[in-house]
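This briefing concerns the model displayed below. It treats the nonpolar cores, the overall fold and the ligand shell in turn.

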Amino acid sequence: MIQARIDEHTVKIELTEGSSLRLDAEGRWGSYRRGPSFFRRTLRDEAWCGSRELDAAERRQLEAWIQETLEHSRQALLAGELPVLGDARDLLDSLEKALALDESVAQRRDLFDQVYAERIPILPPDRYRDLVVLPATGCPNGQCSFCAFYQGVDFRPFSLDEFTTHLDNLARLLGRALAARDGLFLGSANALALPDKKLLPMLELLQDRFGSRPRGLASFYDPEHAPKRSLADWKTLESLGLTQVVLGLETADPALRQSLGKSPDLSLIDQSLAALSQTHIRTGLTLLLGAGPAESGDSQLAQATDYLASLPLGPRDLIYLSPLDSSTWPQPHTAFAPWRKQLRTSTPAQLVHYSMDRFHYYA
Ligand code: SF4
């Protein structure tokens with residue numbers, strides 16, 4: 001049976017033939033299901049089906065199907081044949097808005113490229129729906145051998161004026177769909193590398209412009225390339241909305257860590273977690289599956305087990321187990337289950353699969 005649901009953020013139309021369409025508050029499509037095929041749109045206006053981006057002809061076909069669905073739904077609504085969960089008049093407005101949309105893919109991409117001076121290469125899996133906000137681009141380290149995201153890209157903090165323009169452009173890019181983003185993510189690789197003198201006015205501006213979000217503000221954090229922060233500094237960041245910090249542990253084996261381009265000294269991570277554990281900010285630690293030679297896997301797991309047991313982590317915290325694409329291990333993905341089983345004995349933190357190769361920044 002055909003039916004539609006509408007709330008302040010989303011319209012979802014379900015059709016009998018196993019197809020469905022989701023629209024944002026601006027009337028732009030976000031996902032479309034047609035039989036076994038499920039299509040999604042990225043914020044840069046690329047259309048994906050599974051792991052494949054649609055070519056121009058497929059995209060035209062998809063847009064024709066979406067237009068048909070919109071028109072069919074509008075006619076059914078006017079004929080009183082479309083059951084609606086929510087306000088039917090709002091639904092009609094949304095459908096008419098979607099049918100009248102007159103934006104080209106090129107226009108949307110230009111705007112996206114103005115907003116994001118660099119692509120969004122990765123987010124932690126629990127933060128995929130965040131809106132990424134950039135106080136800086138690049139990574140102040142950029143040297144990790146396993147990470148292709150930022151090699152050769154300079155770390156560039158934005159000025160407050162640039163950040164203001166960035167927020168203006170973000171508001172234009174998303175329009176009313178911005179309200180549906182229930183979390184914000186400070187990009188790129190290490191926004192917390194900015195000194196608080198520079199970062200705090202940006203966070204105040206962000207809070208002023210976009211308000212507080214239910215899931216708050218998250219960021220990657222590399223203490224080896226960031227100012228040292230006291231508990232009072234973290235509490236100040238917490239008061240400005242910071243709710244989650246993700247650190248790249250990668251391995252608890254110091255020599256392996258050094259060979260990957262990180263410091264062999266874990267004391268900066270220890271100190272950061274000691275302070276963060278006295279706030280309400282939840283922490284995440286990334287741990288690579290498949291780094292180093294395959295025969296070192298058992299000793300890496302033993303070191304990770306001991307190290308995680310020594311940390312002040314709680315059940316809200318997260319360990320991201322991330323299979324390494326360039327691994328020489330036979331199949332690093334298959335290590336996830338045994339590592340999780342073992343690590344569960346050493347930490348109350350949640351153990352989450354974090355695949356680096358499947359991220360798309362969906363609308
Ligand atoms: S610190 Fe993180 S983002 Fe930067 S190069 Fe290393 S892994 Fe990549």
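**Nonpolar cores**

In this predicted model, the largest nonpolar core holds 68 residues, of which V133, L247, L287, I319, Y320 and L321 touch the most other members. Strand β14 (residues 242-250) provides the largest share of this core, five residues. A nonpolar core is a set of buried Ala, Val, Leu, Ile, Met, Phe, Trp, Tyr and Cys residues joined through C-beta atoms within 7 Å. A residue is buried if 20 or more other C-beta atoms, placed from the backbone, lie within 10 Å of its own.

- Y320 touches P124, G284, L285, T286, L287, V352 and Y354 (C-beta atoms within 7 Å), leaving aside residues up to four places away in sequence.
- A second, separate core of 17 residues includes L23, W29, L95 and A98.

**Overall fold**

- The protein has 10 helices and 17 strands (DSSP runs of H or I, at least four residues, and of E, at least two).
- The radius of gyration, taken over C-alpha atoms, is 22 Å, close to the 21 Å that the globule rule (2.2 Å times the number of residues to the power 0.38) gives for 363 residues, so the protein is as compact as a globular protein of that length.
- Of the 363 residues, 35% count as buried.

**Ligand shell**

- C139, N141, G142, C144, C147, F149, Y150, A189, D222 and G248 surround the ligand, each with its C-beta atom within 6 Å of it.

**Conventions**

- Residues are numbered from 1 along each chain as its sequence is written.
- In this predicted model, local features need pLDDT of at least 70 and side-chain atom pairs count only at pLDDT 80 or more, whereas totals for chains, interfaces and linings use all residues.

Note on methods:
Buried ≥ 20, exposed ≤ 12 C-beta atoms within 10 Å, placed from the backbone. Contact = placed C-beta atoms within 7 Å.
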